[in-house]
Amino acid sequence: MLTNDIIVAGGDPGFGAIKLDTGDTKVLFPAVICKGNERIFSTLGNGIVARGTDEEMQIASLDVVVTNHATGVSRHYFMGSLAESLNPNEAHYCWDEDKSSDEEATALLVVALAIAQKEPKANIYLGTGVPVKYYAALKDKYEAELKGTWSVTFRSGPYKGQTRQMTIIRSRVLPQSYGVFIKESLNEFGIPISPKLFSGYVVVIDPGFRTTDVATFYDGVMLDPPNSFSLEKGLKWAYTGVAEKLKEMTLSHENPIETDDKELDKIFRVNQGMYPWNNGAINLNPVMEEMLKQLGTDISREIKKSLKPMLGKIHTVLVAGKVGEMIFEHLQFENKVLIDNPQFGNASGFRIMAANLVNNLTKKVNNNP
């Protein structure tokens, strides 16, 4: 969404993927990063990424230099699928719990904004979030760290040689599940679009890569812990189970397969669950389906245990996130609803929240000429 020279954006910096929504543009890529270096052989044979829109091709080729103008520090990174391909030994998920002091986490979010930015310079109102369990501790620090001026120079892809500069004028941080509730209940002008959600008990379940965020709302107000909380269980748990089963399946061979969540994430995203081995491939999809079934069952049991006193009063359970979509059929709630475009549930909600912030500021200016 563009308002004069203002970009209003919502960013969902998950442990597994970065999601950004500006209304006009949605950006999605794996939250994988490593230090960049000079490319020699990897510049050859790039035909595989020469498909799709400019934005899609750029997302596949994130060789970037990110500069923080407040400190003057520039860093060269590979990100997303390029990091996985060019430097698999060092590429890593970077989302520490304390995102406010995670330089790489901030760089991923800034690059997502640069991809969505149409002009060389832009001012940005940004809505984003942190896991429910870290909200109280990190909100103020994260909001302060995000504000400022950044620039991104693209070293490959359709934007090669271009630099995009942005000033994050204001950032607003919410608990991650809150974005889902906003998306489902309000429009950009703060007008309710689903009055039912502002009456009685509503629960948001947002399973992610490492954690599952659970937010309980009563009459539209998010309740404090213990009614809103994070479970230490997500897709990573399922990948651990798949890795153990894969090793067990190949134990009779001289070199049993030992893998990790990062490699398996790529196997399921890129190879559709087929693990290349010997002269063929091992189909991991049946194993994964069993793990997802167990994950959905475990999450359901833990939520029911935590919310037992109010279970009978909950009229709607909103399920969001890519992982939420994957385990939706295994969640044991009769009144569950999978939201539209679940992977962008939080990002879209954070954008709507940021738009409300801009609209409220505009009203104040207009009322006080």
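Predicted model: local features only at pLDDT ≥ 70, side-chain atom pairs only at ≥ 80, totals over all residues.
**Aromatic rings**

Let's start with the rings. A pair of aromatic rings is described by the distance of the centres and the angle of the planes. The model has nine aromatic pairs, counting ring centres within 6.5 Å. One of them joins Tyr178 and Phe181: the centres are 6.5 Å apart and the planes stand at 80°, so this pair is edge-to-face, given that angles over 60 degrees get that label. Both residues belong to helix α5 (residues 176–185), and because they are three residues apart there, about one helical turn separates them. Tyr178 is partly exposed, at 22% relative accessibility, whereas Phe181 is buried, with a relative accessible area of 2%.

Phe181 also pairs with Phe198, again edge-to-face, with 5.7 Å from centre to centre and 75° between the planes. What does this pair tie together? Phe181 sits in helix α5 and Phe198 in the loop between α5 and β12 (201–207), so the pair links parts that are 17 residues apart in sequence. Phe198 itself is partly exposed, with 28% relative accessibility.

Elsewhere, Tyr93, Phe209, Tyr239 and Phe268 come together as one aromatic cluster.

The charged end of Arg164 lies 4.2 Å from the centre of the Tyr159 ring. Lys26 lies over the face of Phe344, and here the distance to the ring centre is 5.9 Å.

**The second largest pocket**

Now for some open space. The second largest pocket holds about 280 Å³. Its lining has 20 residues, and those closest to the pocket centre are Asn68, Thr71, Glu103, Thr106 and Trp150. Which elements supply at least two lining residues each? They are the strands β6 (62–68), β7 (73–79) and β10 (148–154), along with the helices α3 (103–116) and α4 (135–146). By type, the lining splits into seven nonpolar, eight polar and five charged residues.

Most residues other than glycine have a negative phi, and most peptide bonds are trans. A few spots in this model go the other way. The peptide bond from Pro225 to Pro226 is cis, with omega near 10°, and Pro226 is in the loop between β14 (221–222) and β15 (229–231). Gln272 and Asn341 are non-glycine residues with a positive phi; here they are side by side.

**Around Asn283**

Last stop: Asn283, which is in strand β17 (residues 280–283). Its relative accessible area is 37%, so Asn283 is partly exposed. Which residues does Asn283 contact, leaving aside its neighbours within four places in sequence? Gly273 and Met274 are the ones in contact. Gly273 is ten residues away from Asn283 along the chain, yet their C-alpha atoms are separated by 6.1 Å.

Terms used: Residues numbered from 1 in each chain as written. Heavy atoms only, no water. Phe/Tyr/Trp six-rings, centres within 6.5 Å; stacked < 30°, edge-to-face > 60°. Helix = DSSP H or I, 4+ residues; strand = E, 2+ residues; numbered from the N terminus. Buried < 20%, exposed > 50% of the residue type's maximum accessible area, 1.4 Å probe, protein only. Lys NZ or Arg CZ within 6 Å of the ring centre and 35° of its normal. 1 Å grid on protein atoms, 1.4 Å probe; cavity = no way out; pocket = protein on both sides within 12 Å on 5 of 7 lines; lining within 4 Å. Points joined across faces, edges and corners; volume = space filled by probe spheres on them. Nonpolar A, V, L, I, M, F, W, Y, C, P; charged D, E, K, R; others polar. Contact = heavy atoms within 4.5 Å.
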